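Here is a quick briefing for anyone meeting this structure for the first time. Have a look at the sequence and the model, then read on.

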Amino acid sequence: MSKVDVNDLVGILKFLDENFLSEEQFSEICNLNVDEMESQKLIAQKVLVPGFNEMNHQTQEHLISSLREIIDRGMDCSLVFERVNTPFDFSSINHVGFVEIVYEEICRQR
């Protein structure tokens, strides 16, 4: 397995960046409460899974492996969330828990 870096998260979180979101995506998610698990699932389904599907196969496989490793190790990824300019305040959430939701939604949609 290649070396896992929490910065691999930027590859998927960039799709939540306010400068990256389409107006439609923004309007679908901007009023969601990121503290709620169901809202986190909707964010993953409406924005992150479609972004993941745009990636090439090799990038997808690397990202899936990295997400799984981050989850398994419980790696601190809070600084990565701070690097992305999202419409949400991710400071109060369980970051690894959110990564796990993203991982599960990506795997479910494959």
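Ring pairs tie Phe 81, Phe 88, Phe 90 and Phe 98 together into a cluster. Keep in mind that this is a predicted model, where local features need pLDDT of at least 70, side-chain atom pairs count only at pLDDT 80 or more, and totals for chains, interfaces and linings use all residues. Residues are numbered from 1 along each chain as its sequence is written, and side-chain values use heavy atoms, with hydrogens and water left out.

**Aromatic rings**

- Search the whole structure and you get 5 aromatic pairs; rings of Phe, Tyr and Trp (its six-membered ring) pair if their centres lie within 6.5 Å.
- Take Phe 88 and Phe 90: their ring centres are 5.9 Å apart and their planes sit at 65 degrees, so this pair is edge-to-face. For the naming, planes under 30 degrees apart count as stacked, over 60 as edge-to-face and the rest as tilted.
- Phe 88 is buried, at 11% relative accessible area, and Phe 90 is buried too, at 5%. Buried means under 20% relative accessible area, exposed means over 50%, and partly exposed is in between (1.4 Å probe, protein chains only).

**Helix 3 against helix 6**

- Helix 3 covers residues 37–54 and helix 6 covers residues 95–109; they pack at an angle of about 55 degrees, with axes 9 Å apart. Helices (H or I, at least four residues) are DSSP runs, numbered from the N terminus.
- The axes are lines fitted to C-alpha atoms, for helices over the stretch in contact, and angles run from 0 to 180 degrees between N-to-C directions.
- Helix 3 and helix 6 are therefore oblique to each other; angles under 35 degrees count as roughly parallel, over 145 as roughly antiparallel, 65 to 115 as roughly perpendicular and the rest as oblique.
- Helix 3 passes helix 6 in a right-handed crossing. A crossing is left-handed if the near helix is turned anticlockwise from the far one by less than a right angle, and right-handed if clockwise.
- On the helix 3 side, the residues that meet helix 6 include Met 37, Ile 43, Leu 48 and Phe 52, while those on the helix 6 side include Phe 98, Ile 101, Val 102 and Ile 106. Contact means heavy atoms within 4.5 Å.
- Phe 52, in helix 3, is buried, with a relative accessible area of 1%.
- Leaving out residues up to four places away in sequence, Phe 52 touches Ile 12, Phe 15, Gln 60, Leu 63, Ile 64, Ile 106 and Arg 110.
- Phe 52 and Leu 13 are 39 residues apart along the chain, yet their C-alpha atoms are separated by 9.9 Å.

**Helix 4 against helix 6**

- The axes of helix 4 and helix 6 come within 9 Å and cross at roughly 140 degrees.
- Helix 4 contributes Ile 64, Leu 67, Arg 68, Ile 70 and Ile 71 to the contact, and helix 6 contributes Val 96, Val 99, Glu 100, Val 102, Tyr 103 and Ile 106.
- This crossing of helix 4 and helix 6 is left-handed.
- Leu 67 is part of helix 4 and is buried, at 1% relative accessible area.
- Beyond residues up to four places away in sequence, Leu 67 touches Leu 9, Val 99, Val 102, Tyr 103 and Ile 106.
- Ser 66 also lies in helix 4, which spans residues 57–73, and is buried at 1% relative accessibility.
- Setting aside neighbours within four places in sequence, Ser 66 is in contact with Val 4 and Asp 8.

**Out in the open**

- Leu 79 belongs to helix 5, residues 78–83, and counts as exposed at 59% relative accessibility.
- From Leu 79 to His 95 is 16 residues along the chain and 9.9 Å between C-alpha atoms.
- Ser 92, in the loop between helix 5 and helix 6, is exposed, with a relative accessible area of 52%.
- Ser 92 and Val 34 are 58 residues apart along the chain, with 9.0 Å between their C-alpha atoms.

Methods:
Helices (H or I, at least four residues) and strands (E, at least two) are DSSP runs, numbered from the N terminus.
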